[in-house]
Amino acid sequence: MAAGAVVGGAGTAGAQVLEHHNGDALSGHAVGADRPLGLSATTIAWRWPTTEPVVALTIDDGPSRAYTSRVLDILEHKDVVATFFQIGRHVRAFPELSRRVAQRHEIGNHTWSHPSMALGRPLPVTRQLRRTAQAIAHATGKVPTLYRPPYGYFSGATAMVAAGLNYSIVLWDVKFDVTDSASSNIARISGQVRPGSIILGHDGGTLNNEVVVQALPGLIDKIRAQGMRFVTVTQLLATATASTGPSHL
Ligand SMILES: [Zn+2]
């Protein structure tokens with residue numbers, strides 16, 4: 001599997017417009033039909049093929065009263081930077097938490113209401129991204145440039161819209177398992193991370209993320225002991241890659 005990929009300009013000029021079925025667009029049709037003029041390429045990263053010993057910790061679905069401040073306290077104590085993919089309506093509910101996150105960390109766009117984008121059509125996707133970006137900018141003064149589709153599902157139209165709005169699409173290659181113990185998470189994740197890994201945890205949403213808070217300090221120490229340092233996703237994507245560069249699909 002390609003660790004990072006640059007996907008070329010989507011669609012074929014003059015592609016046939018397909019009919020919708022039961023209200024759902026076929027995920028691919030809009031890629032050609034509604035492609036913005038000038039759209040060429042976007043980055044989709046599961047892991048970045050960096051030559052540097054860096055990893056990116058990403059924290060999704062917040063901000064929340066239950067976890068965000070506790071995660072921030074740990075990251076501050078450990079002097080670690082992370083990237084928080086926040087849900088727009090949670091940012092609206094807790095703008096002061098987003099502001100605190102933005103003081104040291106990066107915030108990415110995780111949609112307004114966390115729908116699956118597996119069959120995302122251009123207009124609803126655009127609304128989800130724009131509304132969230134406005135909420136983040138209103139709370140923090142910063143405009144997000146990273147987009148993580150909920151559950152990691154996204155249609156071709158979703159990728160097209162994200163590219164048109166100049167987002168990089170950020171997925172992950174390693175994640176916390178909240179059904180497992182903190183010690184098991186530390187052992188498994190530290191065994192799976194490689195340079196360029198993007199680790200997924202949560203500080204909000206419907207899951208019980210207590211284990212993320214419990215595992216984080218030990219996990220940070222262990223990954224550092226393996227010679228790697230933590231960077232934001234934007235910093236990760238700016239690191240040097242192997243001479244062949246990312247895979248081209
Ligand atoms: Zn999520």
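Predicted model: local features only at pLDDT ≥ 70, side-chain atom pairs only at ≥ 80, totals over all residues.
Where does D61 lie? That was my opening entry, and I found D61 in the loop between strand 3 and helix 2.

**The whole chain.** I stepped back for an overview. I counted nine helices and 11 strands in the chain. The chain has 249 residues, and 45% of them count as buried. I then looked up contacts between residues at least 6 apart in sequence, and 81% of these join residues at least 24 apart.

I checked the backbone here. Most residues other than glycine have a negative phi, and most peptide bonds are trans. D61 is not a glycine, yet its phi is positive, near 80 degrees. Is D61 buried or exposed? I got 24 C-beta neighbours inside 10 Å, so D61 counts as buried; the cut-off for that is 20 or more.

I also looked at the peptide bond from G62 to P63, and it is cis, with omega near 0 degrees. I placed P63 in the loop between strand 3, residues 54-60, and helix 2, residues 68-78.

**On to Y151.** I traced Y151 to the loop between strand 6 (146-147) and helix 6 (156-164). Y151 has 11 C-beta neighbours inside 10 Å, so I noted it as exposed; 12 or fewer is the cut-off for that.

Terms used:
Residues numbered from 1 in each chain as written. Helix = DSSP H or I, 4+ residues; strand = E, 2+ residues; numbered from the N terminus. Contact = placed C-beta atoms within 7 Å.
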